[in-house]
Structures are given as structure tokens and as C-alpha cells.
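Take a look at the structure below. The report that follows goes through its core, its ring pairs, its charged pairs and its disulfide.

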Amino acid sequence: QVQLVESGGGLLQAGGSLRLSCAVSGSIFSVYVMGWYRQAPGKQRELVAAITSGGTTNYADSVKDRVTISRDSAKNTVYLQMNDLKPEDTAVYYCNALSYLVGKKYDYWGQGTQVTVSS
């Protein structure tokens, strides 16, 4: 089992910045990809950024110039830094972990944190 707890959302103004945090606990050794997703009202959940256990990152084209995903292995935490926020960034942001254990893949989600960007 892997547990994920997000923090750092809130109400922000356009042009501002935020850093979301995802604290990871449990079978951390089994995790091979960590990601941030978001879901806006009436839309499907979409990938924002991901980072592998080897440090390879991947970003959605819509945000890649404004977003950085990083991790602090000592703190078992993954971060999402977003700059130049836009109203269209308004969404619930979810932390995701993919793990592989005893021949099976598992998909874990945090509870989500609301980010609201006002114009």
C-alpha cells in the first residue's frame, strides 16, 4: 500500500505561483512513477507532470513552460511548482503513484487539493 497526501492548494491570483506537495508513505520502494494530475469542472482528469524513479520528467504541452515537478527523496515528497498561473489552471490537483510489487501494478491517488486562480 502507498498513501498520498497533497497540500498547497488554495485561492491565487493570475500571474502568481504555487507549490503543491505530495507526501508519500507506505511501500515507497515499490513506486516507479509519481505524477500530478488535475481535473477541472466538467472535464476529464489530465496529466500535468510526472517523474520516474530514475528522475526522468514528462510534462503536458499545455503547461510545460510553467511547471516543474521535483522530488525530495529524504522527505518522501514530490512537488509541483507552477508559475504564471492562469484561470484555466483552476482544478482539483491529484497526486498519483504507480507501483510494481510482486508482479502486479498498482495505481494510487491522493484525495486532491483545490487550486483556484482568479483573473
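Are Cys22 and Cys95 buried or exposed? Both Cys22 and Cys95 are buried. Buried means under 20% relative accessible area, exposed means over 50%, and partly exposed lies in between, with a 1.4 Å probe and protein chains only.

## About the model

This is a predicted model, in which local features need pLDDT of at least 70 and side-chain atom pairs count only at pLDDT 80 or more, while totals for chains, interfaces and linings use all residues. Residues are numbered from 1 along each chain as its sequence is written, and side-chain values use heavy atoms, with hydrogens and water left out.

## The disulfide

The structure holds one disulfide (a pair of cysteine sulfur atoms within 2.5 Å). A disulfide is a covalent bond between the sulfur atoms of two cysteines. Here the partners are Cys22 and Cys95, with their sulfur atoms 2.0 Å apart. Cys22 lies in strand β3 and Cys95 in strand β9, so the pair ties together parts that are 73 residues apart in sequence. Strands (E, at least two residues) and helices (H or I, at least four) are DSSP runs, numbered from the N terminus.

The torsion about the S-S bond of Cys22 and Cys95 is about -85 degrees, so this disulfide is left-handed.

## The nonpolar core

Cys22 also belongs to the largest nonpolar core, which has 29 residues. A nonpolar core is a set of buried Ala, Val, Leu, Ile, Met, Phe, Trp, Tyr and Cys residues joined through side-chain atoms within 4.5 Å. The residues with the most contacts inside this core are Leu4, Cys22, Met34, Trp36, Val48, Leu80 and Tyr93.

## The aromatic cluster

A pair of aromatic rings is described by the distance of the centres and the angle of the planes. Rings of Phe, Tyr and Trp (its six-membered ring) pair if their centres lie within 6.5 Å; planes under 30 degrees apart count as stacked, over 60 as edge-to-face and the rest as tilted. The count comes to three aromatic pairs. Tyr37 and Trp109 form one that is edge-to-face, at 5.0 Å centre to centre and 65 degrees between the planes. Tyr37 lies in strand β4 and Trp109 in strand β10 (residues 104–109), so the pair ties together parts that are 72 residues apart in sequence. Tyr37 is partly exposed at 22% relative accessibility, and Trp109 is partly exposed at 34%.

Trp109 also pairs with Tyr94: the centres are 6.4 Å apart and the planes at 85 degrees, so this pair is edge-to-face. Tyr94 is in strand β9 and Trp109 in strand β10, 15 residues apart. Tyr94 is buried, at 14% relative accessibility. The charged end of Arg45 sits over the ring of Tyr94, 3.7 Å from its centre. Arg45 also lies over the face of Trp109, at 4.6 Å from the ring centre. A charge sits over a ring if NZ of Lys or CZ of Arg is within 6 Å of the ring centre and within 35 degrees of the ring normal.

## The salt-bridge network

A salt bridge is a side-chain nitrogen of Lys or Arg within 4 Å of a carboxyl oxygen of Asp or Glu. The count comes to five salt bridges. Arg38 forms one with Glu46, the closest N and O atoms being 2.7 Å apart. Arg38 is buried at 7% relative accessibility, whereas Glu46 is partly exposed at 35%.

Arg38 also bridges to Asp89, with the closest N and O atoms 2.9 Å apart. Arg38 lies in strand β4 and Asp89 in the loop between β8 and β9, so the pair ties together parts that are 51 residues apart in sequence. Asp89 is buried, at 0% relative accessibility. Arg66 forms a salt bridge with Asp89 at 2.8 Å between the closest N and O atoms. Arg66 is buried at 12%. Arg38, Glu46, Arg66 and Asp89 are linked in a network of salt bridges.
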